Amino acid sequence: MTRTFGIVATLAIALAASGCQRESGPDPLKLTGKMFVFNYRLAYATYMITLTKAEAVPEGSVVVARFENPAGGDALTIERKLFPKLDKVVLESPDVTCVKKDRPYTVSIEVTGPEGQSLQKLETTVVSDVDQDIMPAKPLVEGPAYDKNPAVFSGGKAPAHFETAKCPV
């Protein structure tokens with residue numbers, strides 16, 4: 001009886017310990033949303049990627065996202081810590097310019113463990129349904145109270161024609 005209990009206890013401990021390690025298996029994050037966000041008031045655009053945790057990740061894990069730069073040049077990179085108790089992950093890029101309608105832009109995402117080991121890699125594309133040149137060239141508002149931007153609203157009045165954003169490239 002004691003020997004059987006010892007074997008069962010050893011197996012239970014081994015199974016519990018193996019549950020804490022992730023050598024392979026299902027991906028920890030699932031892509032749940034992707035889009036461009038155009039903020040007309042502040043005249044900027046960003047990528048927005050949402051992920052949901054499908055599996056637990058070790059404490060100290062991070063997610064690194066690389067967003068294709070629509071204006072050309074190096075990818076825009078962000079790194080975010082993954083918190084064990086949060087089930088949703090939202091990745092927002094730095095501001096982007098030159099977004100073109102119907103063109104796929106690449107986003108690469110990698111989840112790394114606390115020692116830097118890769119836990120997951122995924123690639124996706126984000127497509128906009130509008131060109132960025134529909135955005136105003138300058139923010140329409142400024143400050144915490146969203147006051148009219150005097151560079152746009154001369155004397156507090158709207159211009160006859162709003163200048164739109166131009167791609168600098």
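This is a predicted model: local features need pLDDT of at least 70, side-chain atom pairs count only at pLDDT 80 or more; totals for chains, interfaces and linings use all residues.
In what follows, a residue is called buried when its relative accessible area is under 20%.

Strand β2 covers residues 44-53, and eight of its ten residues are buried, so the strand is largely enclosed by the rest of the structure.

Let me turn to its partners. Strand β1, residues 29-39, runs antiparallel to β2, and ten bridges join the two. Within that pairing, Lys30 stands opposite Thr52 of β2. The hairpin formed by β1 and β2 has four residues between the strands, and there Ala43 adopts a positive phi near 60°. Strand β5, residues 88-92, is also antiparallel to β2, with five bridges between them.

Which residues have the most contacts inside the largest nonpolar core? They are Phe36, Tyr47, Ile49, Val63, Phe67, Leu91 and Ile109, in a core of 27 residues. At least two residues of this core come from each of β1, β2, β3 (62-67), β4 (76-81), β5, β6 (104-112) and β7 (118-127). In soluble globular proteins, nonpolar side chains tend to be buried together. Taking Val63 as an example, and leaving aside residues up to four places away in sequence, its contacts include Leu29, Ile78, Val89, Leu91, Ile109 and Val111, as well as the charged residues Glu79, Arg80 and Glu110.

Finally, the second largest pocket holds about 160 Å³ of space. Of its 16 lining residues, Thr97, Cys98, Gln132, Ala165 and Lys166 lie nearest the centre. The lining comprises eleven nonpolar, two polar and three charged residues.

Conventions:
Residues are numbered from 1 along each chain as its sequence is written. Side-chain values use heavy atoms; hydrogens and water are left out. Buried means under 20% relative accessible area, exposed over 50%, partly exposed in between (1.4 Å probe, protein chains only). Two strands pair if DSSP finds at least two bridges between them. On a 1 Å grid over the protein atoms alone, a cavity is a set of points where a 1.4 Å probe fits but cannot get out, and a pocket is an open set with protein on both sides within 12 Å along at least five of seven lines; lining residues have an atom within 4 Å of a point. Grid points are joined across faces, edges and corners, and a volume is the space filled by probe spheres set on the points. A nonpolar core is a set of buried Ala, Val, Leu, Ile, Met, Phe, Trp, Tyr and Cys residues joined through side-chain atoms within 4.5 Å. Contact means heavy atoms within 4.5 Å.
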